[in-house]
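This briefing is for a reader who is new to the structure shown below. Please look through the sequence and the model before reading the notes.

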Amino acid sequence: MSNKARLLILLFLFIFLVPHGHAFNRSINELHYQYGKLDTPSFAGGGSANTHILTFQHASGWAYGDTFLFVDYARDNKSNNFNDSDLYGELYLNFSLNKITKKSLSFGPIKDVGVLFGLNAGHKAKVLKYLPGMRLSWNIPGFAFLNTDFTFYIDDSSGLNNSGAPSESNSFMIDINGAYPFKLGAHEFNIQGHMEYIGERKNELGFTVSDWFFSQIQFRYDLGKLLTGKSNHLFTGIEWQLWLNKLGDQSTNENAAQALVVWRF
């Protein structure tokens, strides 16, 4: 077993064993289904394809911080090996200084500061990125949560010699993530998601991988409450995906709305 595989196993065990040992104070698991026409970068053949995405998403708070994880399974209607039965996942572990010190370190609109570690992994492209950094958590009225993350973007991908995507030099990421619930009469809605900026870097062939701006915003309606009277179990809506310089390709700017169904359990 490779060192990378061992690291992945240890991190996933950490997600589910450490929080249980110290008691969850919140835990949310969701399954998402999205469908829409997504663009293929020019280096992978270009064009666009109708794409199904099934996502497992986990978020939890525990004694010393919080955890966020998602795994996407994507399948499109073309056989160009891009989004063709592929897996991609991200994990973020945030260690809250408020929770660790058992003191409020808030100042101004900032309610907490965290030490953050992220991991991004793609199956077919054999991509692996480490994202150590910090998190600022904001106290903004109306938001269920709002964070700004500042991380390095460190490449440990397999590269071309191991039949993966080209490995890259290191860079950085800035990410804003949050959720804003609201009501219109008896109907409940939620706007949530994230926006990220990742800096320019070079790949192992010496080519420039452009910086990119990537945004995934979900507009959710609580359909479960309408149908059964129970809130926060079944949602429908759209996910708007905006990706400028998709995957570092300056000739691909994606602007796509995807149908969305979410089951929370």
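Phenylalanine 143 is partly exposed, because its relative accessibility is 34%, a value between the 20% limit for buried and the 50% limit for exposed. The model described here is a predicted one. The notes below start with the aromatic rings and go on to the barrel and a surface patch.

**Aromatic pairs**

- The aromatic pairs number 13.
- In one of them, the ring centres of phenylalanine 117 and tyrosine 130 lie 6.5 Å apart with the planes at 25°, so this pair is stacked.
- Phenylalanine 117 belongs to strand E5 and tyrosine 130 to strand E6, so their pair ties together parts 13 residues apart in sequence.
- Phenylalanine 117 has a relative accessible area of 24% and is partly exposed, whereas tyrosine 130, at 15% relative accessibility, counts as buried.
- Phenylalanine 143 and tyrosine 180 form an edge-to-face pair, because their ring centres are 5.1 Å apart and their planes stand at 70°.
- This second pair links distant parts of the chain, 37 residues apart: phenylalanine 143 sits in the loop between E6 and strand E7 (145-155), and tyrosine 180 in strand E8 (residues 171-184).
- Tyrosine 180 counts as partly exposed, with a relative accessibility of 33%.
- Phe143 and Tyr180 are also members of a cluster linked by ring pairs, together with Phe182, Phe189 and Tyr221.

**Barrel**

- A barrel is closed by 12 strands with antiparallel pairing, in the order E1-E2-E3-E4-E5-E6-E7-E8-E9-E12-E13-E14.
- On average, neighbouring strands of this sheet are turned by 20° against each other, direction ignored.
- Strand E5 (residues 110-122) and strand E6 (residues 127-138) run antiparallel and are joined by 12 bridges.
- Tyrosine 130 in E6 stands opposite leucine 119.

**Nonpolar surface patch**

- Leu31, Tyr33, Tyr35, Leu54, Tyr73, Leu87, Val261, Trp263 and Phe265 make up a nonpolar patch on the surface, and together they have about 800 Å² of accessible area.
- Strand E1 (26-39) and strand E14 (253-264) are the elements that give two or more residues to the patch.
- E1 supplies the largest share, 3 residues.
- Leucine 87, one of the patch residues, lies in strand E4 (residues 84-96).
- Leucine 87 counts as partly exposed because its relative accessibility is 39%, and patch residues need over 30%.

Notes: Residues are numbered from 1 along each chain as its sequence is written. This is a predicted model: local features need pLDDT of at least 70, side-chain atom pairs count only at pLDDT 80 or more; totals for chains, interfaces and linings use all residues. Side-chain values use heavy atoms; hydrogens and water are left out. Patches are made of residues with over 30% relative accessible area and no salt bridge: like charges are joined within 9 Å, nonpolar side chains (Val, Leu, Ile, Met, Phe, Trp, Tyr) within 5 Å. Accessible areas come from the Shrake-Rupley method with a 1.4 Å probe; for residues, only the protein chains shown count as cover. A salt bridge is a side-chain nitrogen of Lys or Arg within 4 Å of a carboxyl oxygen of Asp or Glu. Helices (H or I, at least four residues) and strands (E, at least two) are DSSP runs, numbered from the N terminus. Buried means under 20% relative accessible area, exposed over 50%, partly exposed in between (1.4 Å probe, protein chains only). Two strands pair if DSSP finds at least two bridges between them. Axes are lines fitted to C-alpha atoms, for helices over the stretch in contact, and angles run from 0 to 180 degrees between N-to-C directions. Rings of Phe, Tyr and Trp (its six-membered ring) pair if their centres lie within 6.5 Å; planes under 30 degrees apart count as stacked, over 60 as edge-to-face and the rest as tilted.
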